[in-house]
Amino acid sequence: METRFDKVSYRYGSVPALTDVSFTVPSGQTVALLGANGAGKSTAVDLLLGLKRPRSGSVTVLGGSPHDAVAAGRVGALLQSGGLPTDSTVQEIISLATGLYGKRRTAAELLDLAGLLDVKRRKVDALSGGQKQRVRFAVAMAGKPELLFLDEPTVALDFKARRQFWRSVKELGNTVMFATHYLDEADEYADRVIVIDKGHVIADGSPAQVKGDKSLENALVALTEGAQ
Ligand SMILES: Nc1ncnc2c1ncn2[C@@H]1O[C@H](COP(=O)(O)OP(=O)(O)OP(=O)(O)O)[C@@H](O)[C@H]1O
């Protein structure tokens, strides 16, 4: 049940966002899409979710079309700007999410999974940035997705929260694709790193291979500086 980009290109008017991008992700793998601002990571995630269609090439998600995979509830996503109803409590939002997916996971299970038990009665308004991110994560996991997309999931999290977040993700053992600016995060948590620069894949390999590639040095330094 692979997920694949086959020579995918996408442009916004005259601005090319992705050019001739190909990769195949087997199930169970955790893959980082590593790139600077504007590299094309969010566009790739949108294409994988069926929110955009490629101008050329094809996108396969879990062996079929992105639309079918999403409609069947096989895909979970944590997007950068996922809005949450501010006047609802954490518990209300989680219950709504479990209801949508026919209770594939219980609310209690999700609250525990995302480390939200202590704040379950709080309104979203009264949560920290990191806690809100955990609510988004719980919502993404409600349907027991086989494949999880995370778009810069730990931007709002401090070091400790970042570790906890990744522990939860890894325990679930799904196929995970995450977009990040952080080489360290890709190195620590991904099995594989795909480096995107100005819409092109410039490296694809294990974290050790990518870090060991001298020809990538400038691009990786730029990425790290871009993330400051
Ligand atoms: N709606 C849009 N209209 C025009 N150009 C866009 C639009 N959205 C993105 N772009 C451009 O497409 C390219 C890829 O953007 P994308 O958001 O996919 O990058 P990204 O790697 O996710 O960046 P970031 O790390 O800043 O989120 C950039 O050049 C960006 O300016």
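Predicted model: local features only at pLDDT ≥ 70, side-chain atom pairs only at ≥ 80, totals over all residues.
Six strands make up an open sheet of mixed pairing, arranged in the order 5-6-7-3-8-9. Strand 5 and strand 9 (200-205) stand at the edges with a single partner strand each, so that one side of each is left without a neighbour in the sheet. From one strand to the next, the twist averages 15 degrees.

Within this arrangement, strand 6 and strand 7 (residues 175-180) pair in the parallel sense over five bridges, and Leu148 stands opposite Val176 in strand 7.

## Helix 5

Helix 5 packs on the sheet, where it touches strand 5 and strand 6, and its direction makes about 170 degrees with that of strand 5.

Ten of the 13 residues of helix 5 are buried, among them Arg134, Arg136, Phe137 and Met141. The buried residues pack against strand 5 (75-78) and strand 6 (147-151), and also against helix 3 (90-100) and helix 4 (107-113).

## Helix 1 and Lys41

Helix 1 lies across strand 3 (30-34), strand 6, strand 7 and strand 8 (192-197), and runs at about 150 degrees to strand 6. Lys41 lies in this helix, which covers residues 41-48.

Lys41 counts as buried because 26 C-beta neighbours lie inside 10 Å, where the cut-off is 20 or more. Leaving aside neighbours within four places in sequence, Lys41 is in contact with Leu33, Gly35, Ala179 and Ile196. The C-alpha atoms of Lys41 and Gly199 are separated by 8.3 Å, although the two residues are 158 residues apart along the chain.

Notes. Residues numbered from 1 in each chain as written. Buried ≥ 20, exposed ≤ 12 C-beta atoms within 10 Å, placed from the backbone. Helix = DSSP H or I, 4+ residues; strand = E, 2+ residues; numbered from the N terminus. Contact = placed C-beta atoms within 7 Å. Pairing = 2+ DSSP bridges. Axes fitted to C-alpha atoms, helices over the stretch in contact; angles between N-to-C directions.
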